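Welcome! Please take a moment to look over the sequence and the model, and then we can walk through them together.

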Amino acid sequence: MKKMKKVLSIFLCVLLITSVCLVSSFAADPQDAVSMVVKTPPTRTVFYDGMDNLLVPSEITDVPVGAVLTITYKDGTEEDITVAEDTQAVLDIDNFTIGENTAEIRYFFLDEDDNVVKSLSADLPVTVEESPVASVEITKLPNKLVYDLDKDVITRENVTLDGLYAANSKLIDAIFESVGMNFEDYKASITEDPEQLQDLFDFIFTDIEAFLILDVSGAEFTVHYKDGTKEEVRYDDGFNHYNGFAFPVLAGQLENTVVEGENEAAIAVMGVEAPFTVEVKKDAYTPDENTDVKPDVKPAETQKPAVPPVDVEIPKTGNTVASSVMGAVALVSAIGAAYVLSKKEK
């Protein structure tokens, strides 16, 4: 899934740095802060290749929730900061390898306008593991398997924020809610800057020509983990759960464009994909139908799921899903990238 350009943790990190809900008051002048150490490690110190590095294949970024950071000031005083979801701190693992790695935790001091005025960093030992998923078996295909070539396909020429949001509003809403924001606030903010909006769209279509607004609601699948356990998941839930943490379930086409006729798509769980086929055709809907109404096709549960046989070697953390994946993935990754570019430390 090297081309899947969004991961929840990356978005949360970069968004937290600039969110209006951040508190920028400190026990001392930030300019007097001289060093920082990790007093208590974050709750999560194990990460997964294929899931936590969707935006940049060689890099993992997360919010180090639960970490206690001790900041020392010039006068010798110390301040302990416990990282929560509304704390401006980022954990980054650059050029990671499978196994033991050294992560950098960076804490950002912000002024009243949420601009970075200073940052401090400290190292932390972490572990990066291969995806714990052995295979994903689709047990019930999505309700919608037929798409309209004009109404359900997004290109650089017809892309809009509302269109991207419609692609998976539930996941986008969950992400914004976790940082005390909402899509409408973000939309109002970015539409005030036409150049930034165009840059966002350019980013989304860097490696893709067109993508489907996939609706995989109703899909059910079994996630088989390498430790022998399994989990039954409905795509509507939006997440799978492993080792006490929730990870977003992704879905998208397997090529970087959309053609009339059959197109390969997949549901992906922590880097492992389960493919299925959808049909794209002109005038897929009757005049009284719209993209929210399922076309008249035979029920998905009567169709044979397109899943790899058990004895087929599962590919290493996927590298086939196109960069669009789904609207939510493209949107939040692009938002994250836009924030990173606009909030470089001064």
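The score called pLDDT is the predictor's confidence in each residue, on a scale from 0 to 100. You will need it here, since this is a predicted model. Averaged over the chain, pLDDT is 73, and 70% of the residues score 70 or more. Residues 290–330 fall below 50, although in the model this stretch has 98 contacts beyond near neighbours in sequence. Residues 333–346 also have a pLDDT below 50, with 31 contacts counted in that way.

## The chain as a whole

How many helices and strands does the chain have? There are six helices and 19 strands. Of the 346 residues in the chain, 52% are buried. The accessible surface is about 15,800 Å², and carbon and sulfur atoms account for 49% of that area. Contacts also reach across the sequence: among those between residues at least 6 apart, 71% link residues at least 24 apart.

## The nonpolar cores

Let us go inside next. The largest nonpolar core has 36 residues, and the members that touch the most others are V133, L212, F221, I267, V269, M270 and F276. At least two residues of this core come from each of β9 (133–140), β12 (210–212), β13 (220–225), β17 (250–253), β18 (261–269) and β19 (272–281). Which strand gives the largest share? That is β19, with five residues.

Beyond the residues up to four places away in sequence, V269 touches V133, V136, F221, V223, N240 and V249. Apart from this core lies another one of 24 residues, including A67, L91, L120 and V128.

## Strands around β19

Strand β19 also has partners on which you can trace the pairing. With β18 it pairs in the antiparallel sense, over nine bridges, and in this pairing E262 stands opposite E279 of β19. Strand β10 (residues 146–148) runs parallel to β19 and is joined to it by three bridges. There, V146 has E279 as its bridge partner in β19.

Between β18 and β19 is a hairpin with two residues between the strands, where M270 takes a positive phi near 50°. As a rule, most residues other than glycine have a negative phi. N243, which is not a glycine, has a positive phi of about 55°, and it lies in the loop between β15 (239–242) and β16 (245–248). D283 is not a glycine either, and has a positive phi of about 50°. You will find D283 in the loop between β19 and α6 (327–342).

| Residue | Relative accessible area | Class |
|---|---|---|
| R44 | 10% | buried |
| T127 | 17% | buried |
| L164 | 0% | buried |
| D283 | 63% | exposed |

R44 sits in the loop between β1 (33–40) and β2 (46–48). It counts as buried because its relative accessibility is 10%. What does the side chain of R44 make a polar contact with? The partner is the side chain of D52, at 2.5 Å. Leaving out neighbours within four places in sequence, the residues in contact with R44 are D52, D62, F245 and F247.

T127 belongs to strand β8 (residues 116–129). A relative accessible area of 17% is why T127 is classed as buried. Its side chain makes a polar contact of 3.1 Å with the side chain of E100. With neighbours within four places set aside, T127 is in contact with T45, V46, F47, G99 and E100.

L164 is part of helix α2 (residues 161–167). At 0% relative accessibility, L164 is buried. Its C-alpha atom is 8.4 Å from that of I154, a residue ten places away along the chain.

D283, in the loop between β19 and α6, is exposed because its relative accessible area is 63%.

Terms used
Residues numbered from 1 in each chain as written. Predicted model: local features only at pLDDT ≥ 70, side-chain atom pairs only at ≥ 80, totals over all residues. Heavy atoms only, no water. Helix = DSSP H or I, 4+ residues; strand = E, 2+ residues; numbered from the N terminus. Buried < 20%, exposed > 50% of the residue type's maximum accessible area, 1.4 Å probe, protein only. Polar contact = N/O pair within 3.5 Å; in protein donor to acceptor, adjacent residues only side chain to side chain. Contact = heavy atoms within 4.5 Å. Core = buried A, V, L, I, M, F, W, Y, C linked by side-chain atoms within 4.5 Å. Areas by Shrake-Rupley, 256 points an atom, 1.4 Å probe, with all protein chains shown as cover. Pairing = 2+ DSSP bridges.
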